[in-house]
Number of protein chains: 2
Amino acid sequence: MIACIGAGVIGGGWAAYFLARGHDVTAWDPAPDAGDRLRTIVEAARPALNSLGFPDEAWGGLTVAGSLAEAVADAEFVQESAPEDLDLKRRLLADLAALTGPGTIVASSTSGFPMSDMATLAEDPTRLVVGHPFNPPYLIPLVEVVGGSATSPDVVEAAAAFYRRLGKSVIEMDREVPGFVANRLQEALWREALHMVANGEATVEQIDASITEGPGLRWPVHGPCRTFHLAGGEGGMAHMLDHFGPSLLAPWTRLEAPELTPELRNAMVEGTATDRSFGELVAERDRAVIAIRRAVEGTRSANAGRPGPSGRSWSSDEPPAPTR
Amino acid sequence: MIACIGAGVIGGGWAAYFLARGHDVTAWDPAPDAGDRLRTIVEAARPALNSLGFPDEAWGGLTVAGSLAEAVADAEFVQESAPEDLDLKRRLLADLAALTGPGTIVASSTSGFPMSDMATLAEDPTRLVVGHPFNPPYLIPLVEVVGGSATSPDVVEAAAAFYRRLGKSVIEMDREVPGFVANRLQEALWREALHMVANGEATVEQIDASITEGPGLRWPVHGPCRTFHLAGGEGGMAHMLDHFGPSLLAPWTRLEAPELTPELRNAMVEGTATDRSFGELVAERDRAVIAIRRAVEGTRSANAGRPGPSGRSWSSDEPPAPTR
């Protein structure tokens, strides 16, 4: 049995995922309407999970517990998804460590607090680990797993293995960095967006459209590094860094870039090196971008089909209009 | 006829797109093998463009010109995609302005130079405008259009209309900002990634996986602002800012956030406001994320099918394994 602590978007989304994967879930949240909230989130997630191949009859059962102690009494794994408040997380994780046995892993969905900062009140912090999901946890595969200074390495390993068994894509970090990996990247983008809105440089609508109609279409298939590897053409990342290296000094964002030392250049070139040819990667990207565009077009709410910012749909059914 | 200046990844990609949309293209690049390079890029793009509904018989014809003057002599529209070198762009744009007639728009694919900085040598800078595409220009719909201080507002309008007629999604900016919109956002993410690699905080592979298995799966359907609107649950952006506002002060990225003033908070809340319900947006996102995951899974090169960083595929055909 898995215990889900917290009945918000993340806690409820985790519950839906664990249920769909056949696990019984006991959930708890101090809100008086926690049960209703959880069931609403789980039911909202059900069609997506059914469609992913988890029919209702394979689901586990959901119990809403009357207390924290009751919720975790029989738990093999606890997923804590309380609000992002350091003091609250400290007290809650200390309680969870005290209320669970030595074989139980307590994972926190924290968006960015290092476990070493959250585990300070726990008598036994060895079983506390970060297991950071992405919204919605029942659809986005990524979970970032990292321990605090007092977390047992075995617990980090076991938590990663637990998520993998559940079909998650796990990034296991060997050190604590606030925001982990994805949220650091996402937060840099988000802060630049806030600056732009604050300064009147772009509207919220332009910012969203610049991603959905632009680089956002590449990121599900090739991450930012491989994307730029392809931007370098046959010369790959090395050519890209030589060509666009100077732009690292340009005021393209308020975030200053690191110095492009030979070490960093080599790390990027070696990190993006692959046996696959430029042509093969381009073909893969092209197939994926087309499929992604079609996927998004086909799934926009019919009565709210949002064309691009130009007011035009992406579809190509308009005949070409030669200029002469 | 459209003139494409530059035979790199971007210039060649533009040529393929214009050709597929039925336009004749005259291209030029100082490289001795410019013709071969262009034809290679155009042929690599052909299957994607065919698949998007542009069969070979509807394509325009490609001519490789022997000189810059010859390339633009009859051009109604010039797309300049030379290397990202300010001095080179200044001289080239001055030449292009001089070599073309008063009815010809000269658009630059620059990744981030403001036109006011590039137009300094042009005798008539009124027809020079930025038309910034994304790689590959034949698949990513976004084009950012913005003029310099000397650009005629009519030219900015006409360039935007030209791209829209060609099926592009256009963001028309009313002011010059280095990097425009999408590249500022992308560059902030990229610089944070470089810092992480430089500091040993994450590997290139982890950075790419954190996006392809994580937030990258949401961005083609909902941009960063709407994504965070949904992260706030029924309370939307307002709740999200109240909940995660404090993280703007946290060291989650090296980019400092702006102060979350009431004005900025309102701009974000109003900018993400929509008549569509939370439930409707969640359902749309879920359908899209599932379709995007399937699209990517189905299009990875068969002999290089890359499972998630966990070594597992996303597919759900594994039976659920209840813990008890």
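This is a predicted model: local features need pLDDT of at least 70, side-chain atom pairs count only at pLDDT 80 or more; totals for chains, interfaces and linings use all residues.
Domain 1 covers residues 2-172 and domain 2 covers residues 213-304 of chain A, the bounds coming from an automatic or database domain assignment. Residues are numbered from 1 along each chain as its sequence is written, and chains are lettered from A in the order in which they are written. Local features need pLDDT of at least 70 and side-chain atom pairs count only at pLDDT 80 or more, whereas totals for chains, interfaces and linings use all residues, and side-chain values use heavy atoms, with hydrogens and water left out.

The C-alpha trace of chain A spans about 75 × 50 × 45 Å along its principal axes, and its secondary structure comes to 12 helices and eight strands, where helices (H or I, at least four residues) and strands (E, at least two) are DSSP runs numbered from the N terminus. Of the 324 residues in chain A, 60% are buried, that is, under 20% relative accessible area with a 1.4 Å probe and protein chains only, exposed being over 50% and partly exposed in between.

Strand 1 of chain A, residues 2-5, holds A:A3, which is buried with a relative accessible area of 0%. Setting aside residues up to four places away in sequence, A:A3 touches A:T26, A:A71, A:V72, A:A75, A:F77, A:V78 and A:Q79, a contact meaning heavy atoms within 4.5 Å.

Helix 9 (residues 224-231) and helix 10 (residues 236-244) of chain A pack at an angle of about 80°, with their axes 7 Å apart; axes are lines fitted to C-alpha atoms, for helices over the stretch in contact, and angles run from 0 to 180 degrees between N-to-C directions. Helix 9 of chain A is therefore roughly perpendicular to helix 10 of chain A, a label used for angles of 65 to 115 degrees. In this packing, A:C225, A:F228, A:H229 and A:A231 of helix 9 meet A:G236, A:M237 and A:M240 of helix 10.

The largest nonpolar core has 215 residues, of which A:W190, A:M268, B:W190 and B:M268 touch the most other members; such a core is a set of buried Ala, Val, Leu, Ile, Met, Phe, Trp, Tyr and Cys residues joined through side-chain atoms within 4.5 Å. Helix 12 (residues 278-299) of chain B gives the most to this core, with nine residues. Not counting residues up to four places away in sequence, A:M268 touches A:C225, A:M237 and A:L241, together with B:W190, B:L194, B:V197 and B:V204.

Key:
Angles under 35 degrees count as roughly parallel, over 145 as roughly antiparallel, 65 to 115 as roughly perpendicular and the rest as oblique.
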